[in-house]
Amino acid sequence: MRVGGQAELLLEPTSPEEFQQAYKTCLERGIAPYILGGGANLLVADGVLPGVVIGTERLRRLFRPGAGGESEEESLAQMPGEFDMALPSGSMVQDDPARDPRLVVWAGCTLPALLRAARDLGYSGLEGLVGVPGSLGGGVAMNAGGRWGDMWDVVESVRVLDADGEFKDVARADCTPTYRNGGLGEEWVVGAVLKFEPKPRLLIQEAMSDYLRTKNKVQPVTEWSAGCIYKNPPAEDADGRSAGELVEQSGAKELSCGDAAVSERHGNFIVNRGKARAADVFELMQTVRTHVLDATGVELEYEVKRWMGDTGEMGAGASRPT
Ligand SMILES: Cc1cc2nc3c(=O)[nH]c(=O)nc-3n(C[C@H](O)[C@H](O)[C@H](O)COP(=O)(O)OP(=O)(O)OC[C@H]3O[C@@H](n4cnc5c(N)ncnc54)[C@H](O)[C@@H]3O)c2cc1C
């Protein structure tokens with residue numbers, strides 16, 4: 001969105017162990033930190049956000065099991081430990097259908113980098129996430145996806161930091177991800193083991209290009225946004241209409257607040273035309289929601305996460321000075 005203020009304190013761990021250390025240090029001091037991925041689905045208050053933000057941007061690594069010479073089980077089990085970097089970005093690898101089609105991915109690996117790596121290896125399953133920004137951690141937490149598939153379609157297990165800051169491995173069978181919710185609650189993604197289907201690279205690329213073309217036609221991909229603002233309501237509550245259709249039908253597509261405006265291209269996107277503040281975006285989100293409720297009787301739920309600091313306000317005046 002390119003709105004919002006600064007973190008009072010920002011920690012950027014470079015390994016799972018540092019992530020754990022940062023998180024435990026916060027817990028010991030009675031601080032519940034914010035966990036930041038790519039920030040692609042976030043609205044952060046203007047001014048200074050009090051407290052600690054732990055950003056995963058430097059936890060970018062991605063591994064193939066067994067690439068370091070150890071047995072596959074060992075390398076999967078030691079996810080936060082030392083591995084050989086298996087896949088430099090842009091590397092050319094041969095399709096090999098016999099290869100174990102799994103990847104071990106740390107939380108901060110970007111979704112575009114992950115999709116490129118999977119394509120280059122001939123691993124199919126995440127093509128539907130083409131054009132979705134953000135990180136593996138955010139994607140798993142939000143169960144990012146759309147009409148062509150969701151993040152959790154390929155998750156075999158997730159390594160999390162639990163409420164006490166201990167590493168815990170959670171198998172797919174023990175999780176209940178739902179629409180735009182990985183269902184992990186207050187557990188933070190350190191990394192995940194992803195399992196793909198082997199497929200020729202060309203077919204994977206073709207699917208990605210098709211999906212991207214379709215998305216580019218209907219979404220404001222070149223403007224500053226946070227993706228879809230509202231979740232699509234259950235079909236039975238809205239006669240099968242999507243959140244974007246409800247916004248359009250309620251006449252709210254013309255609305256704006258300061259430099260924040262409902263996208264002309266897609267009713268479920270709010271774009272920053274240049275100098276919008278978080279407070280403008282949030283006000284517009286609330287106004288559009290009220291419009292939709294009045295016009296259609298459907299109460300939209302926010303998909304975008306909101307970090308408002310201590311006071312629950314989006315304006316700069318709400319933040320505690322440092
Ligand atoms: C142009 C555009 C298009 C988009 N299209 C789509 C789409 O098609 N489908 C879709 O689902 N989304 C879409 N999005 C939204 C966004 O890309 C996804 O929700 C993405 O998964 C967010 O990841 P992130 O790393 O940026 O998370 P952030 O925005 O940083 O965080 C989002 C939430 O995830 C939590 N989180 C972040 N990292 C972790 C972690 N390691 N462990 C636990 N929780 C964590 C945060 O605390 C926060 O609550 C779009 C966004 C944009 C800007």
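Which residues lie nearest the centre of the second largest pocket? They are Val3, Gly5, Leu36, Leu42 and Val44, out of a lining of 16 residues. A pocket here is an open set of points on a 1 Å grid over the protein atoms alone, with protein on both sides within 12 Å along at least five of seven lines, and lining residues have an atom within 4 Å of a point. The model is predicted: local features need pLDDT of at least 70 and side-chain atom pairs pLDDT 80 or more, whereas totals for chains, interfaces and linings use all residues. Residues are numbered from 1 along each chain as its sequence is written, and side-chain values use heavy atoms, without hydrogens and water.

Strands S1 (6-11), S3 (42-44) and S4 (48-55) each supply at least two residues of this pocket's lining; strands are DSSP runs of E with at least two residues, and helices are runs of H or I with at least four, numbered from the N terminus.

The ligand is surrounded by 29 residues, each with a heavy atom within 4 Å of it. Among the closest are Ile35, Gly38 and Pro133. Helix H4 (136-142) is one of the elements that supply at least two residues of the shell, and H4 gives the most, with five. Because domain 1 (6-57) and domain 2 (62-205) both give residues to the shell, the ligand lies between them; the domain bounds come from an automatic or database assignment.

A polar side-chain atom of Ser135 lies 2.6 Å from a ligand oxygen, and a backbone N or O atom of Gly39 lies 2.8 Å from one.

Note on methods. A polar contact is a pair of N or O atoms within 3.5 Å; within protein, one must be able to donate a hydrogen and the other to accept it, and residues adjacent in sequence count only if both atoms are side-chain atoms. On a 1 Å grid over the protein atoms alone, a cavity is a set of points where a 1.4 Å probe fits but cannot get out, and a pocket is an open set with protein on both sides within 12 Å along at least five of seven lines; lining residues have an atom within 4 Å of a point.
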